[in-house]
Amino acid sequence: MIERRPLHRSKSRSRLTRRSLAGLSLLLLVAAYPTAGSVRDRLWYPAPAAEWNAALPIGNGRLAAMVFGGTDRERVQLNEETLWSGGPRRADNPEALPRLEEVRRLLLEGKAVEAQELADRFLMGDPRTVRPYQTLGDLWIDFPDQGPVTDYRRELLLDSALVRIRYRRNGVLHLREIFASAPRNIIAVRLSADRPASVSCSVSLSRPADAAVRPSGPDRLVMEGRLDGGTGLRFAGLVRAIPSGGAIRTAGSRIEIRDADSVVLLFAAATDYRGGNPGDACAKRLAAAGRKKFSRLLSEHAADFGGLFGRVTLNIGRPASEGDPATDERLSAARSGAADNGLFALFFQFGRYLMISGSRPGSLPLNLQGKWNDRMDPPWNSDYHMNINLQMNYWPAEAANLAECGEPLLDFIESLRPPGRETARIHYGCGGFVAHHLTDAWGFTSPADGAQWGLWPMGAAWLCRHLWDRWLYGGDRDFLEKRAYPAMAEACEFFVDYLTEDGNGRLVTGPSLSPENTYRLPDGGQAAVCMGPTMDIAILTELFRNTRAAAELLGKDEGFASDLQVLTSFMPRFQTGSRGRLQEWLEDYGEPEPGHRHFSHLYGLYPSNLITLRGTPETAAAAAASLDFRMANGSGSTGWSRAWSVNLWARLEQGDSALAGLREMLRTHTAPNLFDLHPLGSGSVFQIDGNLGAAAGIMEMLLQSQNGELHLLPALPKAWPDGDVKGLRARGGYKVDLSWRDGKLTAAAVTADRPVVCRLRSSVRLSAACQSKPVPVRSLTDDLVEFQAAGGKTVVLSAN
């Protein structure tokens, strides 16, 4: 046994002084949080988490954890973002290209079932799937104290990304604080009490497989391993305990602390995904963090996180009930029909919280579960699905004033280009680069799963929309020239080669599909693989348009841009079927699943702006009819699907329908900790896309910025009569604040990044001033005005 010498306690006065200081310190800590602003932006619960979907998430982009808050035993479930099974591999299939034209011929001849069977045999990658993102394991803190617990409170402060657990046992007030520091790339825990020598615990680490735990000195444990039975990634996790007073030792694979005044635990984890020795990396981080007091680590972390989180505030009402009801109580009441507008604001800010916690510059992008996964074999491998889910994860990044948090996706797109070139060449004989419906941390770009799921070459093309959006929001010409345009142009190059004639004078994609949906053939058969589905045409029309615009802005590739325009002119247009709905396929097929969860054919309405109420009213009406039909037949059956519908309703300026979608999300697709849920078997699993899609939808209800104009409160529901939002970003390079009362805009503040003529749409007449001087406002229509905005100066608009 190796002991650290305890603090001297021989004099009663010293004991009394320490006891007084311990109690005072704890009271000061408790009083420090929440602040007045964080009362609104806080989740809290009166009991420990009984399941994973009730635990509270923390993260710093690279590390993530779920905190359960137990009083006998604390579980902190751990993740390290690069802990992916498998490794770099080529799954491209040389048998695909020789069969490509045969599959196309069968589709054009109407033999879709036969074509799909052939495609499934020869056109898919080998192997057909990716390996999973896995849990790192668990940090356990066991407490020897027993007895009843009172005054329990478990909370997550969103603005400072701090989990706190507080309770009384045997007359002692215990406080536990846990956060994930991005500046230090560690997780920090402090255990304290209002009486000296009242903190005793044992600390351990565990993982279901591929790991061993050993002590390293008297105050730390090392968990080391290699995935895939010793053939995959090397990884390490290191925890160090730093007690104040008391005794500490390692006993086997545990750290034991007795009679301390407080204990700080520092945890680091690393893999060799990016090279280097994982154990050495962990030791260096803990050595640096260990030289700082916990209070310094916390203040540093809170400043870092709060600097991002505090950019946007949203107020749409207080809880309906009196006092400060627990979050699970509020959720239960809302499911029963109680009005709680503040819960929607909390849900919005929780989405922003997850993005900041899971996606930081230099990290990997958010996968299906963000960075939070407690399984070795999670649903859908916790992979990156590129037929809606990965893109939805980043829908709110720019508008929510979190552009930095969108960087991992932009870097990820770049990483897909080299493997995507090989897939384009081997599978299709094309130039450029391509990616299909799923990928992983290793650059998988081949068609995956089966033809009915994965034979969809539009993943990279859709991702390129985020590159263009970064330009529209930020206006960084260097980014456009060096990062966005090269990737967009290379994605276009693939389709210049891939487009094929359909026998009716049109250029179409194919073989392809409308993600995860099937259609009914005239003979009653069903198929998924097809030529030229509506979503493909919308994505490609947009990609060609944006790439042409970028080329013109940069003054380059005039001939290439002209070719893209010519190709676009030969592609199909949106078509309205015999039932008045927007067609999902080239032909007006029947729908075996009329309530399908995807809204792929409505891509042109959202996230794109190809379909608008004022620019293409007939097509917008057909899109609205499609949305009505799909929802009436049970669509929105997953959290992310419901979130997509919220954004679609907002684009149609139907605020009450958008709010109904949000209410349904809270009622059926939200866990006690506000995680979005996806039904699976007899239960549900967490998927982060619904959280982030809902956050995007709420912003879309309040502010839209497509087609060169700002639209203020375009889809404000009647149930949100009063409120304000500050700090939203808009395309064109604007920061926008809004206030409204009785359902009408009362004031707005618009700050442009650079001098620009701002077009603004509002249902109320507005006057404008900048630095107390009137700004001329020119009316273009009854609800559209324009004014000159000076760069960096705020124009304040008031309702007349």
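A cavity is taken here as a set of points, on a 1 Å grid over the protein atoms alone, where a 1.4 Å probe fits but cannot get out, and its lining residues are those with an atom within 4 Å of a point. Grid points are joined across faces, edges and corners, and a volume is the space filled by probe spheres set on the points. By these criteria the structure holds eight cavities of 30 Å³ or more. The structure is a predicted model, in which local features need pLDDT of at least 70 and side-chain atom pairs count only at pLDDT 80 or more, whereas totals for chains, interfaces and linings use all residues. Residues are numbered from 1 along each chain as its sequence is written, and side-chain values use heavy atoms, with hydrogens and water left out.

The largest cavity contains about 320 Å³ of space and is lined by 24 residues, of which Trp-395, Ala-399, Asp-469, Tyr-473 and Arg-731 lie nearest its centre. Two or more lining residues are given by each of helix 10 (407-428), helix 12 (459-474), helix 19 (688-702), strand 26 (703-704) and strand 28 (723-730), where helices (H or I, at least four residues) and strands (E, at least two) are DSSP runs numbered from the N terminus. Helix 12 supplies the largest share of this lining, five residues. The lining comprises 13 nonpolar, four polar and seven charged residues, with Ala, Val, Leu, Ile, Met, Phe, Trp, Tyr, Cys and Pro counted as nonpolar, Asp, Glu, Lys and Arg as charged, and the others, Gly among them, as polar.

Leu-314, placed in strand 17 (residues 313-315), counts as buried because its relative accessibility is 2%, the classes being buried under 20% relative accessible area, exposed over 50% and partly exposed in between (1.4 Å probe, protein chains only). Not counting residues up to four places away in sequence, Leu-314 touches Arg-40, Ala-345, Phe-348, Gln-349, Ile-698, Leu-702, Asp-724 and Val-725, contact meaning heavy atoms within 4.5 Å. In helix 8 (residues 341-358), 18 of 18 residues are buried. The end C-alpha atoms of helix 8 are 26 Å apart, which agrees with the 26 Å that its 18 residues should span at 1.5 Å a residue, the expected span being 1.5 Å times one less than the number of residues.

Glu-584, in the loop between helix 15 (558-569) and helix 16 (617-632), likewise counts as buried, because its relative accessibility is 4%. Among the residues that Glu-584 touches are Ser-514, Asn-517, His-601 and Arg-630.

Note on methods
1 Å grid on protein atoms, 1.4 Å probe; cavity = no way out; pocket = protein on both sides within 12 Å on 5 of 7 lines; lining within 4 Å.
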